[in-house]
Amino acid sequence: MRDTLALIGHYYRASIRGQMQYKASLLLLTLAHLLATGIDLLGLAVLFAHFGQLRGWTLAEVAIFYGITNAAFSLADAVGTGFDRFGTLVKSGRFDRLLLRPRSTALQLAAQELTLRRSGRLLQALVALVAGTVWLGLRWTPLKLALGATAVMGAACVFVGLLVVQATLAFWTTESLEVMNTMTYGGVQAMQYPVTIYDGWFRKVFTYMVPLALTCYYPVLAILERADPLGGPPWLGWLSPLVGPLSCAGALLLWRLGERHYASTGS
Amino acid sequence: MIATAQAYAAAWGARFRASLQYRAAALAGMATQLFWGLMRIMVLAAFYRSTTAPQPMSVEQMVGYVWLGQALLMMQPWYIDREILEEVASGQVAYQLLRPLDLHAHWVCRDMANRASAVLLRAVPLCIVAGIFFGLEAPPSVGAAAAFLLTTLLALVVASTLAAVVAVTTMWTISSLGVRQMVGTVAMMFSGVVVPLAFFPAWSQPIVANLPFALMMDVPGRFYTGALPLAALPLELARGAVWILVLTLLGRGLLARAQRRLVIQGG
C-alpha cells in the first residue's frame, strides 16, 4: 500500500515537473480553462439577473450547488486525464506497454497525469463557494464542513467512475465515445442547479443510474438547511461517502471485465 | 476567372464529401446534443415558471431557439478545419503557398465547405428528432423561414472568415489550442448558445447585438422562431456584411504579415 502511494507520488511529481517546463503555456491554459468554465457562472448570473429567482432558489444558494459540483469535477478531471485520453492509447496499441508492467492498469492510468491546468475550474468553484457563503451569511459549522467535504469527495469518486466507464467502453469500440460526455460534462452542468427543477426522468437518471444527486444535491440541501421539496429524508445528505466509493468500485469492476476483453490493435 | 472559380469549387466539393464520411461520429454527436438541448430547455423552462413577468420570447420560441442553437453548433468558430491547422503546424502550408491560389480565399472556402457539411449532418437529423419528439416547431411564416435561411448562410460566411483569422494566428503560436479556446468561449457566450441573448441585461443589448457572434446563432434562431420581425432583416444583413468585410481584411492583413516572416517547420 505504502509502496503504491509512493509510486503514484513519483508519477505525479514527474507529471508536474513536465508541465512546469512550459510555465507560460501552463498559465495561459489555466486561464483559458478558468474563462471557459467561468462562462457557466456568467450564464447563471445573467439568468438570475433577468428572472430574479429559480423556483424559490436564489443565485447565492445555486452558487453553493455550483461550487460543490465543480470542485468535485475538477478533482476528478485532474486525476482522470489518463482515462479520458484512453481511446488514443487503445487505438495506437500503446496500451500493451501498460499491460507488461507489474502494476494494475487502472492504477497506472490514474497516476499517468495530474493535469494542473484543470485547476482553473477548481479556482472558480471556490470563488462561487465563497461568494455564496458571503451572500447567504452561511456559517460553516464543523458538521457542515464535514458534509461539504464528503460531498465533494463522493461526487469526485462518481465522476472518476464515469471516466473509467467511458474508458472501459473503448475496449469494445476502440474509440472514445462522445456520448459519455453527457454524463460527465452533462452531469456537472446538471448538478449546478438543484435537481428539483428537472423533469422526473432526468432526476431518476442522476439519482439511480449516475448517483450524482446523492453526492451533490442532498448534502447541499443539508448545508443550506432546507427541507427537500421532493420529500426526501434529511439523512440522504450523508450517503455521499458511501455512494461515491461504491460507484467507483463498480466502475473498476467493469474495467477489469473490459480489460479481459482487450485485443491489441498494434503489433 | 472561371478556372479559379472551378478550383475553389473543386476544393469545396472534396472537403464536403470527405466530411460526410464520418456518419457514426455524427450520430454520437447528435445524441449528445439532444441531451444538452433537453437539459437547457428544462433549466430555462424552470426559470420561466419562476416568474409572471412578460418575457422577450414565448416558451415555444425559447424551445425552438435552444434547438437551433444545438443544430447550428458547428457554426461556432472553435470548430475549425483541422487540416488547415495541421498544415500550419507541420509546415505543409508551404505547398499551399506554391499553388496559384490565394491562400486566404482557399482557407475560407475549405472552412466553409467543412462547416456546411458539419452543420447539415447534425442539423437535419437533430431538427427531425426535435421536431417530432421535443417541441421544435416550423417557422411561423414563409418569410421567417426565408430570413432564417438567408441569415444562416450569412452565419456560415461570418464564421469561416473568423475561423480564417484564428487559423492565421497559428502562424505565430503554432498550437492553436489557446486562441481557439478563448475565441470559442467568448463565441459560445455571445452567440446565445449558453443563454439566449434576449435575456442579457438591457444595457448590454446594443453591445452583444453588434458583435459578430450574435450572427452565428442568435440572429438565425430568432428569425426562425419569429422572435425577430422580418423588418429587422436589412439591418442584420448589413451588420453581417460589415463583419465579413472587417474579418476578411483582418485575416488577409495578418496573413500578409505572417508570410513576410514565415518560418516553415520541418526540413
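Colleague: What conventions apply to numbering and confidence?
Modeller: Residues are numbered from 1 along each chain as its sequence is written, and chains are lettered from A and ligands numbered from 1 in the order in which they are written. As this is a predicted model, local features need pLDDT of at least 70 and side-chain atom pairs count only at pLDDT 80 or more, while totals for chains, interfaces and linings use all residues.

Colleague: How many helices and strands are in chain B?
Modeller: Chain B has 12 helices and 0 strands; helices (H or I, at least four residues) and strands (E, at least two) are DSSP runs, numbered from the N terminus.

Colleague: And in chain A, how many of each?
Modeller: Chain A has 12 helices and 0 strands.

Colleague: What percentage of chain B is buried?
Modeller: Of its 267 residues, 44% count as buried, that is, with 20 or more other C-beta atoms within 10 Å of their own, C-beta atoms being placed from the backbone. For chain A, the buried residues make up 42% of 267.

Colleague: Turning to the interface, how many residues are in contact?
Modeller: 30 residues of chain A are in contact with 25 residues of chain B, a contact being two residues whose C-beta atoms, placed from the backbone, lie within 7 Å.

Colleague: Which helix supplies the largest share on the chain A side?
Modeller: H2(A) does, with 13 residues. The residues of that side divide into 19 nonpolar, 8 polar and 3 charged. Here Ala, Val, Leu, Ile, Met, Phe, Trp, Tyr, Cys and Pro count as nonpolar, Asp, Glu, Lys and Arg as charged, and the others, Gly among them, as polar.

Colleague: Back to chain B: at what angle do H6 and H7 pack?
Modeller: H6 (residues 103-133) and H7 (residues 142-173) of chain B pack at about 125 degrees, with their axes 9 Å apart. Axes are lines fitted to C-alpha atoms, for helices over the stretch in contact, and angles run from 0 to 180 degrees between N-to-C directions.

Colleague: Which residues make that contact?
Modeller: Among them are B:Trp107 and B:Met112 of H6(B), and B:Leu156 and B:Ala163 of H7(B).

Methods. Buried ≥ 20, exposed ≤ 12 C-beta atoms within 10 Å, placed from the backbone.
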